[in-house]
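Please keep the sequence and the structure in view while reading.

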Amino acid sequence: LYKQAVDITPVPQASVGRSAYNSLRIQYIQGLMLAGKTKEAVEVIKDLLPAVTRADFETLVSAMTNVYARQQDMKGIITTLAEAQQMDPQNVNFIVWLARALAYAGQLQASANEINKLQVVDPQFVAQFQQELVILSN
């Protein structure tokens with residue numbers, strides 16, 4: 001059903017409707033990945049990327065990461081997040097998600113390197129995080 005909807009849904013020319021268009025394709029990509037149809041999913045991703053908003057891109061990366069998590073594929077999670085971060089290096093969520101995945105995989109130095117990127121990308125985020133740590137430690 002998703003494939004039919006994806007095939008017949010034209011790319012909206014205006015931003016109105018773009019979110020629904022992207023959401024449908026993200027769900028289809030997630031379904032393909034869960035079914036083990038990675039090559040088909042990659043083709044849909046290639047079609048989606050030119051029309052994707054930053055928020056939709058983050059949703060896509062989150063959906064892909066969730067599929068890999070269900071499959072307990074840490075390499076897939078790390079690869080997806082590293083590629084997403086290359087495409088959107090200012091995205092704090094991608095940095096944090098990648099740092100967490102690397103730490104979970106036992107790559108603690110690489111995780112620390114990712115967290116250090118936050119000093120440049122969003123120093124206010126780092127300051128707020130440090131304040132929260134102080135509060136939690138008391």
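Q: Is Q27 buried, partly exposed or exposed?
A: This is a predicted model, and Q27 has its place in helix 2. A residue counts as buried under 20% relative accessible area and as exposed over 50%. Because the relative accessibility of Q27 is 36%, this residue counts as partly exposed.

Q: What distance separates the C-alpha atoms of Q27 and A63?
A: Along the chain, Q27 and A63 are 36 residues apart.

Q: How many helices and strands does the protein chain have?
A: Read from the N terminus, the elements run α-α-α-α-α-α-α-α. The secondary structure therefore holds no strand by the DSSP assignment. The count is eight helices and zero strands.

Q: What share of the residues in the protein chain is buried?
A: The chain has 138 residues, and a residue is buried when its relative accessible area is under 20%. The buried share is 35%.

Q: Which residues are in contact with V61, leaving aside its neighbours within four places in sequence?
A: V61 is among the residues with the most contacts inside the largest nonpolar core. A contact requires heavy atoms within 4.5 Å. Beyond its sequence neighbours within four places, V61 is in contact with T80, L81, A84, F94 and W97.

Q: Is E114 buried or exposed?
A: E114 lies in helix 7. Not counting residues up to four places away in sequence, it touches Q85, I95, L98, A99 and L102. Its relative accessible area is 10%, and the limit for burial is under 20%, so E114 is buried.

Q: Which helix gives the most to the lining of the largest pocket?
A: The largest pocket holds about 310 Å³ of space. It is lined by 18 residues, and V42, I45, M64, T80 and E83 lie nearest its centre. Helix 3 (38–48), helix 4 (54–70) and helix 5 (74–87) each supply at least two residues of this lining. The most, six residues, comes from helix 5.

Q: How many nonpolar, polar and charged residues are in the lining of the largest pocket?
A: The lining has 18 residues, and each is placed in a class by its residue type. The division is twelve nonpolar, four polar and two charged.

Q: Which elements give two or more residues to the lining of the second largest pocket?
A: About 220 Å³ of space lies in the second largest pocket. Its lining includes V96, A99, R100, I115 and F129. The elements that give two or more residues are helix 6 (92–104), helix 7 (108–121) and helix 8 (123–137).

Q: How many residues of the lining of the second largest pocket are charged?
A: Seven residues of this lining are nonpolar and three are polar. R100 belongs to the lining, and Arg counts as charged. The number of charged residues is one.

Methods. Residues numbered from 1 in each chain as written. Predicted model: local features only at pLDDT ≥ 70, side-chain atom pairs only at ≥ 80, totals over all residues. Heavy atoms only, no water. Helix = DSSP H or I, 4+ residues; strand = E, 2+ residues; numbered from the N terminus. Buried < 20%, exposed > 50% of the residue type's maximum accessible area, 1.4 Å probe, protein only. 1 Å grid on protein atoms, 1.4 Å probe; cavity = no way out; pocket = protein on both sides within 12 Å on 5 of 7 lines; lining within 4 Å. Points joined across faces, edges and corners; volume = space filled by probe spheres on them. Core = buried A, V, L, I, M, F, W, Y, C linked by side-chain atoms within 4.5 Å.
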